[in-house]
Amino acid sequence: MRPFIHLKTKPVPLKASKLREQLPALLAQTLVVGGILYVALQLFYNTQANLEARNIASGFGFLSVEGGLPINDTLLPYSPADSYGYAFLIGTLNTLFVSALSIVLATILGVLVGVSRVSRNWLVARLGAVYVEVLRNVPLLLTLFFCYSVLLAFLPSPRNSMVPFGDIFINNRGIFMPRPEFLGAMGWVGSALAAAALASFLLMRKSRRMRDVTGRGLPAGWLSLGLLVGLPLAAYYLAGRPMTFDTPELHGFNFTGGMVLRPEFSALLAGLVLYTAAFIGENVRSGIESVDKGQIDAAKALGLKPGLIMRKIILPQTLRVCIPATTNDYTSLVKNSSLAVAIGYPDMVSIGGTIIGQNDQAIEVIGMWMAVYLTINLVLSMGMNWFNAKVQVVER
Amino acid sequence: MSTPIKAFIPDPPSPPPAAAIGVVHWLRENLFSNWFNSLLTIASLLLLAKAVPPLVSWALVNAVLTGGPELCDGTSGACWSFIGAKARVMLIGTYPAELEWRPLAAGVLFAGVVAATVSGRCKKRVLTAAWPLLFVAALWLIGGGAGLEPVDQSMWGGLMLSLGLAAVGILLSVPFGILLALGRQSKMTGISSLCVGFIELIRGVPLITILFMASVMMPLFLPINLQINNLLRVQVGIILFSSAYIAEVVRGGLQAIPRGQIDAAKALGLSSWMVTLFVVLPQALRHVLPSLIGRCIALFKDTSLVIIVGLLDFLGMAKAASQDQVWLGHEVEGYVFCAVVYWVICFGMSRYGRSLEKRGPKHNN
């Protein structure tokens, strides 16, 4: 009988077949990568020739040249005599500032919108739906233009400023507020605030441990709030109130002194917040709807109050669902803040655009823009991913 | 002897208590179920009472509907005659008046193809041929040449330009996006890292920087004697931008295909190209069709940014029209008109996307 299985067949030479299998892939890759490298090299030569023909300098030397750019809104002291590099930094800070503020406000408004959309109150749910559908289906740039025109058209002139309270003036040149000026002894207040923060952190931890062991914690939230407000306030009065205010005053046609939020900033902030809140609201809604109704019934059956159900049952689970989508919305918001250029708020893109207009060094400036945006978004996503990992259920 | 059987006749059910039906019940259930809800309702009603009457009086009661700019001076209402006077510019830009029928014809063709697509009655093959043909026809009608008087691209503008940029952008960025997504999934390290790099770079930066790149930087990259006009450069920028996002959408669909299908197809003897073309891609694309429509909406909204690199699209024309010396101070009306048009188009698309989702992946041919 012939054996059913030929055990003594020669083993297939593995190396050769593997090579044969991989050869097409290797060839394809080499072709594609080589082709792209070739095109890149051509572009590089073209660029060099173009730059030479148009007499455009290259390199980052321009950053230390005096720019002469007038910038209205600055977070740091700035004068047109400062360099291009410093002007770009001012723009970057403005981008960061408006983005950070918008993220905070859009989150608050977005949560309100999302909660209103699942409200049992018919009218509130409808209003939420109308808000979301209107804002989501209209370009952000249009919302920005709209906010800006409405602000300019309906706010009064400086002479007829609205005065909501104290030394705050609202008019079509901006919102003018007193600027606090700190004296040396303000350091004590700062130290008191830091001490209060540390104390409340320790208090929270202690309370959590006590609850884990005995089932009953301290009212840590209220105690920390008291500490955080009380300690700095006490230090402020003990140090002899080391703060004065620079109040805005009307001179001729405009106010001088104090702090000012210009209409460009307010319009940009309003547009970004209104637009992004619609998207965050949808995330929050889908998050809340993803919580099983049985859980809420169970919580009610256990006798939890509605507020407690919201805080301890619904919101933690909602967070898990809506963080990834909201991370995307945050990064879009940072990128969308570049629309500032369209209404004249001096953000990074707006200032960079002016620099390109003056010295034609587009490649360097666009490279800087991209680097900064990529960095901001990377940091933002990393932070949100860390937060996401923290709120996920730990499974064994 | 037998007693007659008494039939049991039930009484008719008594009506529900008055508080459980009708308007009163609905109001109580939906608006005043507890003190907090009542408070919310009253607050919302107050808000509406404060916001709606001035809005109505501005938009309708005190509005000026027809007539010249002088009629709008001093009214407290909206000046809709401004829209009437500027509608042409907002829709087709500075296109020559005697050739108006050409963009109009292109628009009718466009509407026809869109209607055929949305109705869902046409065969897939017909639609696949109709869309590219539509673009050739529309480009010929609007741009001229081959028998028609050529019209320079600097005269294209308004809503026509917005729709054109968005439609061409989507049509060309879908194949690019599919290629990028396949490249990203590929096992060849060189290709996949190139694709990942491109996708993540584009997705990490704002569209404005890409548009600046297309408008300012691209001329530097090209050979000295090669000139491409701004519109085409911006269109290329939009395609690059959109394809990175579409690649991510398509990747989601590719990942949803179970591994077993690929193995089964290979076991049947299909080559890896055929597996991708005939097994993986059709299913993946069907899966992500609703998200692709979401990208269409986003791209259509994003085309409004071209104003920043000097093209006058729908929004740009509205802004430019409001700076006309004769019609000064009517930006808000222009923006409201823009918002209504954008809203109708985008909301329509999102409704269509949702209906596809409801029909389920099997039936949306």
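At what angle do the axes of helix H3 (residues 80-92) of chain B and helix H12 (residues 314-321) of chain B cross? They cross at roughly 145 degrees and come within 8 Å. Axes here are lines fitted to C-alpha atoms, for helices over the stretch in contact, and angles run from 0 to 180 degrees between N-to-C directions.

This is a predicted model, in which local features need pLDDT of at least 70 and side-chain atom pairs count only at pLDDT 80 or more, while totals for chains, interfaces and linings use all residues. Residues are numbered from 1 along each chain as its sequence is written, and chains are lettered from A and ligands numbered from 1 in the order in which they are written.

**Chain B**

Chain B has 13 helices and 0 strands. Helices (H or I, at least four residues) and strands (E, at least two) are DSSP runs, numbered from the N terminus. The radius of gyration of chain B is 28 Å, well over the 21 Å that the globule rule gives for 365 residues, so chain B is more spread out than a compact globule. The radius is taken over C-alpha atoms, and the globule rule is 2.2 Å times the number of residues to the power 0.38. Along the principal axes, the C-alpha atoms of chain B fill a box of roughly 115 × 80 × 45 Å.

Two packed helices are described by the angle between their axes and the distance between the axes.

| Helix pair | Angle | Axis distance |
|---|---|---|
| H3(B) and H12(B) | roughly 145 degrees | within 8 Å |
| H9(B) and H11(B) | about 145 degrees | 8 Å |

H3(B) passes H12(B) in a right-handed crossing. A crossing is left-handed if the near helix is turned anticlockwise from the far one by less than a right angle, and right-handed if clockwise. On the H3(B) side the contact residues are B:Lys86, B:Val89 and B:Met90, which meet B:Phe314, B:Met317, B:Ala318 and B:Ala321 in H12(B). Residues are in contact if their C-beta atoms, placed from the backbone, lie within 7 Å. By class, this contact of H3(B) with H12(B) has 6 nonpolar, no polar and 1 charged residues. Ala, Val, Leu, Ile, Met, Phe, Trp, Tyr, Cys and Pro count as nonpolar, Asp, Glu, Lys and Arg as charged, and the others, Gly among them, as polar.

The second pair joins helix H9 (residues 230-256) of chain B to helix H11 (residues 272-302) of chain B, and H9(B) also passes H11(B) in a right-handed crossing. Residues of H9(B) in the contact include B:Tyr245, B:Val249 and B:Gly253, and those of H11(B) include B:Ala284, B:Val288 and B:Arg295. The contact of H9(B) with H11(B) has 12 nonpolar, 5 polar and 1 charged residues.

**Chain A**

Chain A holds 12 helices and 7 strands. With a radius of gyration of 30 Å, well over the 21 Å that the globule rule gives for 396 residues, chain A is more spread out than a compact globule. The C-alpha trace of chain A spans about 110 × 80 × 45 Å along its principal axes. An automatic or database domain assignment supplies the domain bounds: domain 1 of chain A covers 84-154 + 256-391, and domain 2 covers 184-243. The C-alpha centres of these two domains lie 30 Å apart.

In chain A, 3 strands form an open antiparallel sheet in the order S1-S2-S7. Strand S1 (169-171) and strand S7 (259-261) are the edge strands, each pairing on one side only. Neighbouring strands of this sheet are turned by 15 degrees against each other on average, direction ignored. Two strands pair if DSSP finds at least two bridges between them. S1(A) is joined to strand S2 (residues 174-177) of chain A by 3 bridges, and S1(A) and S2(A) form a hairpin with 2 residues between them. S2(A) and S7(A) likewise pair over 3 bridges in the antiparallel sense. A:Phe176 of S2(A) is the bridge partner of A:Phe169, and A:Phe176 also stands opposite A:Val260 in S7(A).

**Interface**

The contact between the chains takes 42 residues from chain B and 46 residues from chain A. Among the elements that give two or more residues to the chain B side are helix H2 (35-61), H12 and helix H13 (331-363). H13(B) gives the largest share of that side, 10 residues. By class, the side of chain B that touches chain A has 29 nonpolar, 10 polar and 3 charged residues.

How values were computed:
Two residues are in contact if their C-beta atoms, placed from the backbone, lie within 7 Å.
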